[in-house]
Each structure stands twice: as C-alpha cells, then as structure tokens.
Amino acid sequence: MQFHHHGYVSGDPRVQPTAGTGVDRPDELPDVVDVLVVGTGPAGITLAAQLAQFPGVVTRVVEKRAGRLEVGQADGIQARSVETFQAFGFANRIIEEAYRITEMAFWKPDADDPTRIVRTAVAPDDPSHVSEFPHLIVNQARVQDYFLEVMAGSPTRSRPDYGWEFAGLEIGDGDHPVSVTLRRSTGPDEGAERIVRAKYVVGGDGARSRVREAIGARHQGSQAFHAWGVMDVLADTDFPDIRRKCAIQSHDGGSILHIPREGNHLFRMYVDLGEVGHDDAGGVRMTTQEEVEARANQILHPYTLTVKHVAWRSVYEVGHRVTDRFDDVEVPGTRTPRVFIMGDACHTHSAKAGQGMNVSIQDGFNLGWKLGHVLEGRAPEELLATYSAERQVVAQDLIDFDRQWSSLMAAKPDEMDDPAELERFYVRTAEFPAGFMTEYAPSIIVDGDAHQSLAAGFPIGKRFRSHPVVRVCDGNPVHLGHHARADGRWRVYVFADAEGDAAEALAAWLADSPLTAVPEGDDLDARFDLKVVYPRPHLQVDLGRVPAVFLPRTGPFQVVDYEKVYASDPADDVFAARGIGAGGAVVVVRPDQYVAAVLPLEARDELGRFVERFTLPPRRTATAG
C-alpha cells in the first residue's frame, strides 16, 4: 500500500483524500446523476466501488432495503474473486475471517452395505495451483460490507441510498436521456415516487429484475424440475467430515453438498429433495425444515444430525437461464447502450457450483471501469458495447458448467458409468469454478495473438496471473500483480530483454507517447501504470540507470515512486515461469486485470495504435521531462 505522497497520513491509509464529487456530497439523492445503480448485490456493489475511484463521475446506488444486507444467500468465494478483493484492498482481511477450502471429500454407498455411506476419496481443491489465493467460504453480507467500506473511504465518499425501489424507466434524448421512476419502499413517505435522470442506468436487482423487464430483455433457458433444500445450521453430529467440504451420495436418499462455514461451527447443507412434477407450481417450496432434516439424516446414515439452530434456510428448484442481451441495444452496433443489467438479473443457475456471487462480481468489475473511462472522457462510448459482448459468453459457459455439475450431484452412483465420475469431474474442471477459464475474444480492448509466443504464460484475454518477483528499491519479495489496485488504470509490464537495449529504447518512446498523455496537472502514470521487470537479480539492477518513465514523480510534491521497478527472483524466475525469452516482451493489462496484449519490445508503433483504439487524447499532455 502506498501513501504519504500527498503529505503525512496519521490515520487509516485506506481512507483516500476526498475529491471531486465527494466534496460536499449531498445526503439526498439528486435529480440528475451520471450513473444510477439499482441494487446493492455483489454486481452492483462491485461496480459502485469501482466507480467510487472516479471523482468526476456522479454515481448513486439505490437499494429497496432499509439498510445493509444482514444475511446473504451466497457464500462461496473463488480464487479469482479473492484476486479481485486484493485489487480493492481487503483480500487479507477477508481471508482471515473466512473458511478456507483446501480439499473435498466424496462419500458413496458402502459396497458391502449400500444403506451406509463411506468416504471413497479426498481430492485437492486446487490441484494445479492455478492461483496464490485460496478458495473461501464467507457470507455474502460480509463481502458487501467490505465493498461498502471501500466506497466510504474512496475520494467520492460513496454510500447507498437505501429505501428506494425501481419502478420503471424511459429512454429519451439529451445529456441525461434515461428517466428513472423510483418509489419509496420504507419510511414515513413509503409509496412516494420521484424521477431521477441519468446518463447510464445499471440494473443489479436480482433474478426478478425490473430493470431487465423495462428494457425488454428475456431470460432464455430451462428449469430442471429438481428441488433442493438448503440450510445454514448449528448442529450436533457424528459425521466425521463435518468441517470438510463434501459431496455425499446415498443409494436411495439423494445427495448432499456439504460446506463448512466461517467461524468454525456453522455449516451449510444442500439437501436433495428429488424430482419435481411439471405441475408442481412451486409447491415444493413449502417443504418444512423438519422434512429437510429428515432427508439429510436418511442420506447421512449411519451418521446422525440434530439441528440446534437455523441461521437461514430455503427451498429452491434448479433453473438455468441466460438473458438474450445484457444491455438495452436490441441490434448490436446500431447505437451505444444506456442501460445495463448484471448478476442474477441476466444469469440464473443452481447455487451448488458456488458461482453466482463470483460471476456477478466480475460483471461489476468489467463494466465499472468502462463507464468511468467513458464518463471522464478517457475512452469512446463504443467501449461500453464490449460489456455485453464479453460477459454474455461467460454467463453461457457458467450455465453449461452448472447444468453438468448439478446433474452429476443429483445422479445416483449406480446411474453413472464410472463410480468415480463426480470426483473426476471436480478435479478435471477445477480451473473453471476457481474463475480462471474466462477468455475474452479480440475486440478494441483485446488484441490478437500474433505475438502470444513471447509470453505464453500470459494468455491474451485471460486474467493476468501474478508471479513472485523482487522489488529492486528495497529487496523485498513481492507478487508482481499485487501492487495493482482497482483504480481504473491500465497496467503495462515491460519484461526487459537480456541486454536491456530494447527496453531502454521502448522507455524513451513511452516518455512521450499516448500512454503518458495525461491532462495538465495529472501524474505521468495517471492513465497507464508502467512497470519494468529485469531478468537478473535485484542487486544487479542500478536504479540510477533505470529510465525515468519507470520512476515517475507523483503527487503534489512530485516525489519519486520507486515501486515500479522489479527483478526476477533467481529461486522462482518469472521469465521462465511465464515463457518469456531473452528478447523480453510487453504485457498490457486492463483495469479489471485481464491481459489485453502481448507485444515485442520493439513494436512501439503497434503498441501506440493499440492504445489509441480505446483511448481519447486529453486536452493537454504531460511528458517525462
């Protein structure tokens, strides 16, 4: 964490100086805003936290509840989400309070006595070590609390406007073309309505999204007609794996997905309630807690479960649906979008794969910086069309994965061709539920793969996979990607060539290039955070000879930022690990941590043309003089 460059900070360094719209921020919801976010679920709150880093953007978030979420339904946090939390500054704190999943046990009927279950396998949760971050379990409400904290400590001092529900919208003309009707959902003036005009509206208002209905988007998919009872409970039990994630299959009582919860005592069980008739009309949702517990004991035999306290419970039917579009543009390319939907508003599925909150977080992260760039004049409006194009593909992949996982969980062992099919699928597909299979297609912000071989370990379109390096200024071992924050900036990692000549020539070009063109008064790295990694031990790197573009002066006192210069760790060489040869490479990374381009050090014009595809020049520029 960097601070003090604006002067001495004696308090919490996570609280940023107030700026822009955060100065004298009105308590009451204004009549005119830049972005109106509907809903404080995982998608909406992530987007709001990202936009809170753009002081020039007026963002307001409305929520129909009277206050913060107290009990959330989601609890699984994949490693990709923890990477995202690192960018927002709270990964370590949430890891400390969460339950960490390191392995999963599989229980099946005993071959000698099928009425009894026995443990048949224990599989590692991340067999390929795809991330340095863990797979966690923590309540959705706590995740949202952390994002609320980020918003409150941001330059804009953002916070939700509680007690307002979305009633409808109309899209017209003008600078703020979306007129949104809001209705008071709580308080003495409950039922009162008002109009808020916005440049953009984002609906993160859940599976029954009114924003989705308002723009005419349609859910497409099917219902599986299979029901599950889910409960977060404290209980007495002799089941030996009660503190280990488990998939439990009985011979005739269905299945249980068992997940320990944070705090060492609470746990969640998804209990198979069996097939539901097509004419059930939601009747299965009336299943009582006692019936769910009885079914759980039937599956767990010979072990027993006595529930002492129910923190939360629900009964649901599995459904798999993706909305036909994620914005209000019916024919892509005919105009730029004004209204967007995210999270459960555009993709619904079972909870057992633990993907809902995680994919929603990435929806918000994807769209947030794009709106910020367009509204602050950094990027053309066409950038906004990439949100639906990118995230709809991800949602469909999620539905396909969840349909297969849910089917396997609901199947009886004797219905499978391979008795170990469930655990094999879990291990084989570990990268998907960890959140690392997303690969964005070429667009104005994702380059082609002509130079991918220069850095094979940083696949274009996939998330930037961090690696240990050594910080030159102080010799500290650090993770290369952990210095990047969700501040809306692009990252450019220059992996220097063995001789250093090509990297030095690139640095000279960078100092007066589209990457360092910033508004007058801004720091040189205000839009692109430029870093260099040398292929030799840190004591062999002379900071006095490092180009000034990698040692920029920042803040009102223009002090040097020394934390952009790194060296390879001889014990764990990043160049070897990521397939970077002696000629080096440039790796361009988006603000949401996805690799946008891999280029040779000599490809200066190509780098410039790529950047100019998605950036608008400022009125005046500052150079590395």
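A salt bridge is taken here as a side-chain nitrogen of Lys or Arg within 4 Å of a carboxyl oxygen of Asp or Glu. The views below come from a predicted model, and a search of the whole structure finds 45 salt bridges.

**View 1. A salt bridge between Arg80 and Glu83 in helix α2**. The side chains of Arg80 and Glu83 meet at 3.1 Å, N to O, which falls within the 4 Å cut-off and therefore counts as a salt bridge. Both residues belong to helix α2 (residues 79-88), where a spacing of 3 residues separates Arg80 from Glu83 by about one helical turn. Arg80 is buried, with a relative accessibility of 0%, and Glu83 also counts as buried, at 5%.

**View 2. A salt bridge between Arg378 and Glu376**. The N to O distance between these two side chains is 3.3 Å. Arg378 is buried, its relative accessible area being 13%, whereas Glu376 is partly exposed, with a value of 29%.

**View 3. A salt bridge between Arg489 and Asp525**. The side chains of Arg489 and Asp525 meet at 3.3 Å, N to O. Arg489 lies in the loop between β20 (477-479) and β21 (490-495), while Asp525 lies in the loop between α10 (501-510) and β22 (528-534), so the pair ties together parts that are 36 residues apart in sequence. Arg489 counts as buried at 16% relative accessibility, and Asp525 is buried with a relative accessible area of 8%.

**View 4. The network of salt bridges that includes Arg489 and Asp525**. Along with Arg489 and Asp525, the residues linked in this network are Asp487, Arg491, Asp529, Lys531, Asp561 and Lys564.

Note on methods
Residues numbered from 1 in each chain as written. Predicted model: local features only at pLDDT ≥ 70, side-chain atom pairs only at ≥ 80, totals over all residues. Heavy atoms only, no water. Helix = DSSP H or I, 4+ residues; strand = E, 2+ residues; numbered from the N terminus. Buried < 20%, exposed > 50% of the residue type's maximum accessible area, 1.4 Å probe, protein only.
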